[in-house]
Amino acid sequence: MKLKRLAACSLAAQSLALSAAFAQTPLSMWYHGAGNEVESVIINQIVADFNASQSDWVVSLESFPQGAYNDSVVAAALAGNLPDILDVDGPVMPNWAWAGYMQPLPLDEAVIADFLPGTKGYWDGQLYSIGLWDAAVALVTRQSTLDALDLRTPTLDEPWSGEEFMAALDAAKAAGEWEYAFDPGLAWTGEWFPYAFSPFLQSFGGDIVDRSSYQSADGVLNGDEAIAFGEWWQSLFTGGYAPGTSQDPAARDNGFVEGRYAFSWNGNWAALNALNTFDDTLFLPAPDFGHGPKIGAASWQFGVSGTSQHPDGAAAFIEFALQDEYLAAFSDGIGLIPATASAAEMTEHYAEGGAMAVFFDLSEAQGLVRPVSPGYVVQALVFEKALADIANGADVADTLDAAVDEIDADIARNGGYGH
Amino acid sequence: MASISPDNHGLRLAVRYAVLILIALIFVFPLVFMVMSSLKPAQQLLADTASLRAFLPVGDISLDNYARAFQRAPIGLFVFNSVLVTGLTVLLCLAVCSMAGFAFVYLNWRGRDLFLSIILATLIVPFETIAIPLLLLVSKLPWIGWEGVSYGWLNSYRVQIIPWIADALTIFLFVQYFKGLPRELIEAARVEGATWFQIYWRVVMPLSGPVLATAAILKFLVMYNQYLWPLIVVQQEKYRPVMVGLQYFFQLNIAWGEVMAYLTMITLPVLAFYLALQRAFIASIASTGVKG
């Protein structure tokens, strides 16, 4: 009898659980972090916490390796097979929004009021995506290097000017202690080029495309300021200050900590390696080439797919994921800059006085998003090729003119990309 | 005519072997580098690339990269998926393409040469040009399963197998091989009253070992190395093959030791398959250069 009663209770409990499960609307979610164990643990925890926290929605997660993610999303969009929730690289978002792969994110602006500017993805005046973190680059060096070369330490309020930066490179080169004075990291290709180097162009006063209309690159990518940038860029390699496009990826990854470069242009994701090697590691702000010091902004962000029938559910999940504890968990886990100051305070490295806190300040003060345009995905490739060609000795003006032609032709082919 | 002295002959033999060993080393070096690198920690691996140490099991040797590779990705699942998809595709491809080749060589039907020309013409069409139309097609195709009729083949094994069963190169291989078989055998079988299928199955196929091995190896390599197609038609990890799985190892800071460990593991099925069919493959290649 007892057994029968136990079985009946068990059946009733199962039925209740099942009915609760059936009551929940399923939401599918794709994420780019497959292969990163730490990232996978955190995102799975967020999904599990969300599913347990309410009874309206149940999120199922499918992870993709980052290198295959964008192509998978585009293919799924063509086949009408997109999930409800997507994550998207910040500069790619306008393209996906324009193409209809994403829809506006119905999230109260008050929720993200304190978020770093680079974590908010706006297109056409509407919020489409929001990031749990940002990334930033800095000029990495050592205090002992500055002391040996008798250089002042630049600050956010008083960064080096372009002349001071080149004087620092001259001093490092003349000292003869390093293989190269400066490592911009040309062994890294792809998005690294526009992310890391277009801020130099913007600091000179140029840009990849004219942001007032997004209809042409003429005048901004081949104007006087851009040519000055191009000539400076080329001088880094012809002058022997920096390794060029043939740089060994291993040298890029380890050259600074092996003492081969005096200064390295690198991101917060590589900061721990430097800190663990040299206890006098410094992360300096970008130099100011005349129009203010700039660094790239915007990393991976969450949004709602264009075909989702449940944008409210997707937004509910995204809002849930924006809690400081998750922002801090991602930061501690994979070293990225948490999106809010309150989350930064909860982290090991970005809290006030933390070894990498400077990156939060850099992101806040110098971060500039890449051109917010669907055409950016093409413009980024054109910009990368132009910079590589110039580094390899191509004529600066001709190369930039050709890049402008290519970008303008692409914009025209796509009817102005909806701007 | 100068006679070949024993000394001369020995010298030529030595030179020939030296050249062959050199060529063999060139082909073997990448594999040796891969296996040796898979045993070394990242820092040592990168440092060793500057010297011959890259090809030697020296320094801090361990299986740590293999253990970490298994933690990073479900390697067993990926290998199972690839072997299943590849194995089934190869078997079905051999069956369908050999029958097609048989029909083109031995059966008389209107439009035969035209059809063969059209099929062979598809050899010059790169897959990339038809990938998107094919994706749109398979995303809408019906399928009858246990749960009735459903639409769309995405996220399945069948979408990785069925579009690849018939291919022009394999049909071409069979056509060329069948043309070289003695016609008298076919005619004798016909006189004895055998059906076309009996001739195909009992006469032609038993004589087709070399071409079957060649076609199987070539198809195996194509299928096992598939990347673009599974990337766009499979969004679920449970159906992912090994080549897409390789992307799991390319994070911001690439752990090259784990990459090499993964590559070593996924190369094993290919090596095993090739070694199993090596004799027939070489016989087939050799026979293509011999006029009957």
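Which residues does Gln234(A) touch, leaving aside those up to four places away in sequence? In this predicted model, the list runs to Ile390(A), Gly393(A), Ala394(A) and Val396(A). Gln234(A) itself sits in helix α8 of chain A, which spans residues 224-238.

Now for the interface between the two chains. On the chain A side, 22 residues make contact, and they meet 23 residues of chain B. Put together, chain A and chain B bury about 2000 Å² between them, with carbon and sulfur atoms accounting for 56% of that area. Which elements of chain A supply at least two residues each to the side that touches chain B? These are strand β2 (57-63) and the helices α3 (66-78) and α9 (249-254). The biggest share belongs to α3(A), which gives seven residues to the side of chain A that touches chain B. Sorted by class, that side of chain A has 11 nonpolar residues, along with seven polar and four charged ones.

What about specific pairings across the interface? Salt bridges between chain A and chain B number zero. Polar contacts do turn up: five residue pairs across the interface of chain A and chain B qualify, with both partners at pLDDT 80 or more. So much for the contacts between the chains.

How values were computed
Residues numbered from 1 in each chain as written. Chains lettered and ligands numbered in written order. Predicted model: local features only at pLDDT ≥ 70, side-chain atom pairs only at ≥ 80, totals over all residues. Heavy atoms only, no water. Contact = heavy atoms within 4.5 Å. Buried area = accessible area lost by both parts, 1.4 Å probe. Salt bridge = Lys/Arg side-chain N within 4 Å of Asp/Glu carboxyl O. Polar contact = N/O pair within 3.5 Å; in protein donor to acceptor, adjacent residues only side chain to side chain. Helix = DSSP H or I, 4+ residues; strand = E, 2+ residues; numbered from the N terminus. Nonpolar A, V, L, I, M, F, W, Y, C, P; charged D, E, K, R; others polar.
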